Amino acid sequence: MTLLESALLLLDFLALSLLLRQKGQPSLPAKILALATALVGVLLLLREAFRWQLYPALLVALVLGTLTFRSKPFSLAGKILAGGGYFLICGSLAAAWLMPVFTLPTPSGPHAIGTYTRAWTRQETPGSPVSANQARRIVVQFWYPAAPGQNGPIAPYRDPEAGTLFTKYMQLVKTHAQIGVRVDNSQQKFPVLLFSPLWNSGRSPYTFFYEMLASHGFIVAALEHVSDYPREADELESPEQMHELDVRATRRAIDLQFVLDRITELNTDDPAKLFNGKFDLDRIGVLGHSFGGAASVEACYLDKRFKSVVNMDGAVYGTVAQAGPSQPIFYFVSDGPRDLTPLLKSTNKDERDDGLMEQLDRDRKTKWLHQFGGYYLRIPKSLHLDFSDKPLYSRIKRVTKTSGLDPKMEEEVYKDYVLAFFDKTLNGKDEPLLNKMPSPYPNVLFFSYPSANAPQDPYSVSK
């Protein structure tokens, strides 16, 4: 909690306790404390209007403020009623602890971080097999190594207009990036990474990855495929809808190509004078989570300008599904059942569909790892949304739909392997971490293909 939030809760408790101890009319010290509490509440409301977790405590503060004008002593019933304020204070304390204004992990690289946002529109080609006959709006937020010693405004975690009333308080979370500051001039060019999020998502839930990569010398272009949400994609995940999934993955991959074209233009003539000559167009990678991972693999297949790809727990759809990508690939996967037989033999069609889609995806990835080589990583007991900032959103895992694993442990594992992969494939560095099997991290399943030590079926291995 912030200092202001802590002060409000403490003053609420002290002022309420002092007022309830008064035998007659409220004393002058009790009135002063109650008024001070109300003023802190008003200040908090002005500064953190969307912090709904503190609303019960704010109500107590404002009621305490009105009691400074009371001239009569409290009745017994009044004191009992006022005592309910303790429950409101405790409610705010619990809500603020369970749904905090969290702190992002400190970036581990040597660079300061800058950020800048652009919005572009891609017009789909009429008659194209993937055309939805509409313009696609794509918001791109760049995260980049910044020149040290600058004092630009700190970027909020989330735009003010983003999210629901329940999640707007996340705009109070601060990133480690400064808006619009100059790019670091310690080297001529930086490698570029494009990031595509899961289906029904904006760009913010992956800020940990953006900041970490930018601090280590990568320029990250984080895409927001505005046309893809708030619609759900889960209903399409069945064998009968495979064609539609292929089309949507290809459409997103074309978004990535389009953004890469815009980046190429910025490298020559950036109206904001930030990125002129700063993109190394010979060192371009792509990564994504869930459906964004599927789009990233498809983009690699469609466009050889992408030199390597990380797929974070995404199935593989699109034209690449039959051929396989030829560029280096790293599959990060969440944990799941080793044996899919119960799902495949279920009498419930949705469960059978889940089993069929999972088996198809496992077979494809296993085949490609053996045919083209690549990397595979799985943390036992991990879940699909662990590849995002969402474990930080709440201590209630049912709310975040994440595992009970230590977020710091997962962050460290994913950070080190993603960095090692792109440092090897884009920067040409020798990365010993990618040659160590088993992984030096306890309870992490990591395999490099082709290798005599890698299992035929990585999904069958458990710890």
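Residues are classed as buried under 20% relative accessible area, as exposed over 50%, and as partly exposed in between. In this predicted model, Lys349 is therefore partly exposed, with a relative accessible area of 41%, whereas Asp353 counts as buried at 7% relative accessibility. The side chains of Lys349 and Asp353 meet in a salt bridge with an N to O distance of 2.7 Å, and the two residues, which lie 4 residues apart in helix H11 (residues 349-372), are separated by about one helical turn.

A search of the whole structure finds 17 salt bridges, among them one between Asp159 and Arg203, whose closest N and O atoms are 2.7 Å apart. This pair links distant parts of the chain, 44 residues apart, with Asp159 in the loop between strands E3 (154-156) and E4 (174-179) and Arg203 in the loop between strand E5 (190-196) and helix H6 (207-215). Asp159 is partly exposed, with a relative accessible area of 28%, while Arg203 is buried at 6%. In the salt bridge between Arg378 and Asp335, the closest N and O atoms are 3.3 Å apart; Arg378 is buried, with a relative accessible area of 1%, and Asp335 is partly exposed at 22%. A network of salt bridges links Arg122, Arg136 and Asp255.

The axes of helix H1 and helix H5 (residues 85-98) come within 10 Å and cross at roughly 170 degrees, and the two helices are therefore roughly antiparallel to each other. Residues of H1 that make the contact include Phe13 and Leu16, and those of H5 include Tyr86 and Ile89. Phe13 also forms a nonpolar surface patch with Leu10 and Leu14, with about 280 Å² of accessible area together.

Notes. Residues are numbered from 1 along each chain as its sequence is written. This is a predicted model: local features need pLDDT of at least 70, side-chain atom pairs count only at pLDDT 80 or more; totals for chains, interfaces and linings use all residues. Side-chain values use heavy atoms; hydrogens and water are left out. Patches are made of residues with over 30% relative accessible area and no salt bridge: like charges are joined within 9 Å, nonpolar side chains (Val, Leu, Ile, Met, Phe, Trp, Tyr) within 5 Å. Accessible areas come from the Shrake-Rupley method with a 1.4 Å probe; for residues, only the protein chains shown count as cover. A salt bridge is a side-chain nitrogen of Lys or Arg within 4 Å of a carboxyl oxygen of Asp or Glu. Axes are lines fitted to C-alpha atoms, for helices over the stretch in contact, and angles run from 0 to 180 degrees between N-to-C directions. Angles under 35 degrees count as roughly parallel, over 145 as roughly antiparallel, 65 to 115 as roughly perpendicular and the rest as oblique. Contact means heavy atoms within 4.5 Å. Buried means under 20% relative accessible area, exposed over 50%, partly exposed in between (1.4 Å probe, protein chains only).
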